[in-house]
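Good morning. I will go through a few residues one at a time, so please keep the picture in view.

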Amino acid sequence: MVQYNFKKITVVPNGKDFVDIILSRTQRQTPTVVHKGYAISRLRQFYMRKVKYTQQNFHEKLSTIIEEFPRLDDIHPFYGDLLHVLYNKDHYKLALGQINTARNLISKIAKDYVKLLKYGDSLYRCKSLKVAALGRMCTVIKRIGPSLAYLEQIRQHMARLPSIDPNTRTILICGYPNVGKSSFMNKITRADVDVQPYAFTTKSLFVGHTDYKYLRYQVIDTPGILDRPFEDRNIIEMCSITALAHLRTAVLFFLDISGSCGYSIAQQAALFHSIKSLFMNKPLIIVCNKTDLQPLDGISEEDRKLVIEMKTEAMKTVIGQGGEPENEEGVLLTMSTLTEDGVIAVKNAACERLLNQRVELKMKSKKMNDFRNRIHVALPKPRDQKERPPCIPQAVLEAKAKQAEEEKRKTEKDLEEENGGAGVYSASLKKNYMLASDEWKEDVLPEILDGHNVYDFIDPDILLRLEELEREEGLRQAEEEADDFEMDGEELSPEEQEALAEIRKKKNLLIQQHRMKKSTAESRPVVPRKFDTDRKFTTGRMGRQLSSLGLDPSLAINRARSKSRGRKRERSVERGEADGGDAMDIDGNQASKKLRLRSMSRSRSRSRPPITEVVPGEGLKDSAQKSYSYIETKAPVLWETFHWKDRQALRHEIKLCSEGERSFTFCALRNLLFSVCFFFWL
C-alpha cells in the first residue's frame, strides 16, 4: 500500500488570490450593516467580529498549507532525499517557515487591534481600526507571495511523481543510458515508457508492476547513470542514486556487451565499481543485454575478465556481513529485449532472489523468535533399544510397485505439453475411428477427382444395388394392393354372410337415425322473415304436407305460431284457450279475426296530468308548492351537480315562487328544467 500520496495536497493560491478569497469570505459571512445610533459597545463588537473572523480564515488557510506539505524529517528517507534532489531541501523548508511566520504575525496583528477596538470611542474610530487591521494582514500575505508561488510549483511537480511504496517488493533497474532498461520494463510490466535510440530518454523514475508466484512486485526504471564524480552528477542521475541508496530492492545492473549504447564494457565496469557500495545487502543480478547483436561468448578476453570481476563482486553482495559467495546461478544472465530471449528468466531470477532474501530477514527478526518460543515439538522417548520400523502390509507394497511399473495413461493435456503447448499442438479427431486398419485413420480422402465428385463413385455396384431396391419396392407395392381388398361375400360361409348382412343393416339404421336426428326442427335454425319474401314457409303449407303424410299438424302449427308471435299475442292466445280452446284449429284469416273478437277489451290509456295541476289527495295546497316538491324529488342528481352559486340562485327562485311573490307557470318550470339539463349535458 502506498503511504505517501502527494496528489491530495490542496492548491496553493498566489498572494492576490489569497487576499481576495479571505476578504470576500469575511464580507459574506459577517454582518454588513451598522448605524450611528447603535450603542458604542455594539459598534465595537461589530468591528471586532470582522477582525477576528478574518484572522481565523487566514490562520486556517495557512495551517492547511503547512500541514499538507510533507515534513522531510518525518517521511521515508527515500522521499526525503528525492525532494532534496528535486527542490533543494533548504529552499523548501525556508518557504514553509515563511508561511508559518506569516501565520503568527497575522495572529499577533489581530490580537493587538482587538485590544484597540475595545477602547474605540466612535464609529469612525472603530472603522479606521478595522481597516488598518485588515490592511496589515493583507500586506503580510502579499510579502510571502513568492513563497506561495514556489510551494505551488512544488505541489504540481510532486503530484506528477510516481507512487512508489518503499516497503513493498521492488525490482530496480539501473545502468548506463541506452542499454535497454526501458525496453525490459515495457516487456515485463504494463508500463509504457518511451524508448528512443539516444541517451537519457528516461529523465525521471517510472514505476510498473508485475506478478510472480501470485505476488505483486514493483518495478522501477531509473534514468541512466554516467561514471563521473558524485558532485558532477545532475538531478536526473541523482534520482537513480537516491533510489539505489534508500530502497530495499533486487538490483538489475544492465550491461550492453554489444557497445551499441555508445559506451564500452570497460566504462560500464568502471561505473559498476564506483556505485557497488550502493548494492550492499541487496540481491544483485548482472544482465548482459543485446545478445542478438553480440553473444557473450564472442567478446574479447579483456572484456570477459571485466565481466567475470563484476560477477565476483555480485556474488559478494549477499545477506550478512561475511561476504560468503552463494550459488552462481542467477548472478550473471544474458537476454535480448528485441527477440525477448531470456527476458522472463531474468524477471523470475530477480523475483526469486528478492523473495528468498525477504523470507530470511523475517526468519531472523525478533518477531519470529518470539513466535518460535511459543511452539513446542514433542518427540516420544524410546522405552528400550528395540527398533520398531513402520509396518506396511505386503499387499500394499506389491500394489505400489505394480502401480509404479505401469505406464501412466497420457491425457490430451500431457500430449499438448509434450508437443509444444497450446497453439502448437492440435488434437487429432480421427485417432478414435474404428476402422479395419489403424493406418487408414489419418488418410486424406479427396472430394473432387478429375472434375467428378468422389462420393458418386465410391460403390462400384451402385447400379446393381439400385435395381435391387426398385425390385423390392415393386414387391412391397403389390403386397399392399393385395391387402387392400373389399369383402364381397363370395368367400364367406352362409352363417358368416348372414352375420355380415345383420352388421350392414345395423350400420345403415344407425346412419339413418343420425341423419333424422340432425334433420329435426330442434336442430335446424329458424328461417328469418327477410329471407322468406315469397311466403313459402307458411303454417298452411306445413299443415297440408303433414296431412298428406297422415300426421296431425295441430301441435306443430301451435308451436310455430307460439314461436313467431310476441308476448302480447301469447297472452291473448292463452285467454282464447281459456274461453274456448278451439280457436287455434281454424286455419287462415278467420282464426285471427275470431281471436281479435274474443280478446278482452282494454281501457284507453289515460293522459298524464300537467306537472303544476293539483290532484286531490296529494296533500299540496297549490301548483307552486307542487312544482317545488317536484323539483326537490325528481332532480336530486342534477341538484348535486350544480355549482354552489347556481344552487343558491335556483333555491331562491323556487322560494319566491312558493311564497307567491313570483308566478311559477309550467312554461317557466320547463325552461328552468331545460337549462338544468343543458348544464348537466355540458
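**Notes on a few residues**

Asn88 is partly exposed, at 27% relative accessibility. Here buried means under 20% relative accessible area, exposed means over 50%, and partly exposed is in between, with a 1.4 Å probe and protein chains only. Asn88 sits in the loop between α3 (77–87) and α4 (89–117). Helices (H or I, at least four residues) and strands (E, at least two) are DSSP runs, numbered from the N terminus. Asn88 is not a glycine, yet its phi is positive, about 70°.

Before going on, this is a predicted model: local features need pLDDT of at least 70, side-chain atom pairs count only at pLDDT 80 or more, and totals for chains, interfaces and linings use all residues. Residues are numbered from 1 along each chain as its sequence is written, and side-chain values use heavy atoms, with hydrogens and water left out.

Glu340 is not a glycine either, and has a positive phi of about 60°. Glu340 is in the loop between β6 (332–334) and α11 (343–363). With 48% relative accessibility, Glu340 is partly exposed.

Next, Thr10, in the segment before α1 (15–29). What does Thr10 touch, not counting residues up to four places away in sequence? Thr64, Glu68 and Arg155, where contact means heavy atoms within 4.5 Å. Thr10 and Lys61 are 51 residues apart in sequence, and their C-alpha atoms are 10.0 Å apart in space. Thr10 is partly exposed, at 36% relative accessible area.

Last, the cysteines. Cys126 is buried, at 0% relative accessibility, and Cys174 is buried, also at 0%. The structure holds 0 disulfides, a disulfide being a pair of cysteine sulfur atoms within 2.5 Å.
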